[in-house]
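Hi,

Here is the structure I said I would pass on.

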Amino acid sequence: MNILEGSAILLIVALGMTLVVSMGGIDLSVGIALDFGAAFAVVALKEYDAAWYVAILAGIFGGCLIGILNAVLIVWLNVSAFMATLGTFFIGSSVQRIFTNGGGPISHRRMPQEFRDLAVGNIAGIPSEVVIAAVVLILYFLFLECSIFGKRIQAIGLQPTAALIAGIEVKRIIFVGFIIAAATCAVAGLIASANIRMFTPLSGFSYLLDAIAAVFIGASMHPRGRPNVMGTLVGVLFLGVLANGLNLMGLNFNTKDALSGVILVLALAFAIGQRRFVVLRKGQK
């Protein structure tokens with residue numbers, strides 16, 4: 001349960017990244033969307049004395065702003081996803097520093113209990129953040145794996161030109177996809193801010209590389225090497241178990257990061273090698 005609680009926020013962010021990678025792109029601004037979700041919610045609660053549900057809507061709106069900026073740059077201005085989201089990352093980072101006068105946290109110790117329960121509450125004995133992550137996981141599975149919209153996203157990721165010829169509205173789907181991904185990351189920001197009762201600028205950056213790693217670990221386990229929801233779940237749990245195990249070993253910070261990198265590379269190499277072996281055996285039959 002500790003591993004599930006510790007992996008809940010990363011799973012939500014990684015699911016947003018899965019959506020973007022499924023479209024054939026990359027999103028380096030998922031951490032900024034998380035930060036904006038946390039910032040908008042905390043400011044709404046502290047400065048405007050908003051109700052807890054209004055703060056949740058404000059946080060999701062903050063994340064959507066990041067998604068809209070990415071979508072405009074990519075769809076309307078034809079900037080590559082890598083460069084567009086990198087630019088959004090720098091813009092969002094600067095905005096956070098300016099707003100907080102250099103990066104100081106915004107705390108709100110009298111946060112409503114209903115909002116706090118997003119992180120510290122429980123539903124039927126299960127931590128609420130685990131329940132929220134599970135709900136997001138199920139929704140993403142139904143959305144990406146079972147819906148027509150999800151099939152079109154996968155088609156765009158595989159062959160965007162062929163998808164366009166087939167009559168799929170590629171630009172509209174990419175536009176909506178980036179907004180959904182950013183809004184998802186904002187949900188993670190709500191949980192993070194509810195947990196520590198404050199907004200810490202640039203804290204979302206710590207989830208970026210792990211989210212990318214989880215998505216590609218999951219993709220390497222897919223028979224066709226495609227990003228998928230259940231594979232991302234496996235990747236997140238793998239990283240959670242790895243981090244927990246290294247902490248129990250009592251390794252210092254520098255050694256832990258180096259060993260994490262080595263184990264991650266070996267796991268990816270093993271997964272890719274196993275998939276190629278299976279494909280080769282099928283070809284021989």
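**Helices that cross**

Start with helix H5 (residues 113-120) and helix H6 (residues 128-146): their axes come within 5 Å and cross at roughly 75°. An axis here is a line fitted to C-alpha atoms, for helices over the stretch in contact, and the angle runs from 0 to 180 degrees between N-to-C directions. That makes H5 and H6 roughly perpendicular to each other (angles under 35 degrees count as roughly parallel, over 145 as roughly antiparallel, 65 to 115 as roughly perpendicular and the rest as oblique). Helices (H or I, at least four residues) and strands (E, at least two) are DSSP runs, numbered from the N terminus.

Before going on, keep in mind that this is a predicted model: local features need pLDDT of at least 70, side-chain atom pairs count only at pLDDT 80 or more, and totals for chains, interfaces and linings use all residues. Residues are numbered from 1 along each chain as its sequence is written, and side-chain values use heavy atoms, with hydrogens and water left out.

Which residues of H5 and H6 meet? On the H5 side they are Asp 117, Leu 118, Ala 119 and Val 120, and on the H6 side Ser 128, Glu 129 and Ile 132 (contact means heavy atoms within 4.5 Å). By class, this contact of H5 with H6 has four nonpolar, one polar and two charged residues. For the classes, Ala, Val, Leu, Ile, Met, Phe, Trp, Tyr, Cys and Pro count as nonpolar, Asp, Glu, Lys and Arg as charged, and the others, Gly among them, as polar.

H5 also meets helix H9 (residues 170-196), with axes that come within 7 Å and cross at roughly 105°. H5 and H9 are therefore roughly perpendicular to each other. From H5 the contact takes Phe 115, Arg 116, Leu 118, Ala 119 and Val 120, and from H9 it takes Leu 190, Ile 191, Ser 193, Ala 194 and Asn 195. The contact of H5 with H9 divides into seven nonpolar, two polar and one charged residues.

**Side chains**

How many salt bridges are there? The count is one, between the side chains of Glu 169 and Arg 172, at 2.5 Å from N to O. The rule asks for a side-chain nitrogen of Lys or Arg within 4 Å of a carboxyl oxygen of Asp or Glu. Glu 169 is partly exposed at 46% relative accessibility, and Arg 172 is partly exposed at 42% (buried means under 20% relative accessible area, exposed over 50%, partly exposed in between, with a 1.4 Å probe and protein chains only).

Gln 154 sits in helix H7 (residues 148-158) and is buried, with a relative accessible area of 15%. Leaving out residues up to four places away in sequence, Gln 154 touches Ser 22, Leu 144, Glu 145 and Arg 226.

As for disulfides (pairs of cysteine sulfur atoms within 2.5 Å), a search of the whole structure finds zero. Cys 185 is in none: the nearest cysteine sulfur, that of Cys 64, is 11 Å away. Cys 185 is buried too, with a relative accessible area of 0%.

Most residues other than glycine have a negative phi. Asp 49, however, has a positive phi, near 50°. Asp 49 lies in the loop between helix H2 (30-47) and helix H3 (52-76), and is exposed at 68% relative accessible area. Arg 197 has a positive phi as well, near 55°. Arg 197 belongs to the loop between H9 and strand S4 (198-199) and is partly exposed, at 27% relative accessibility.
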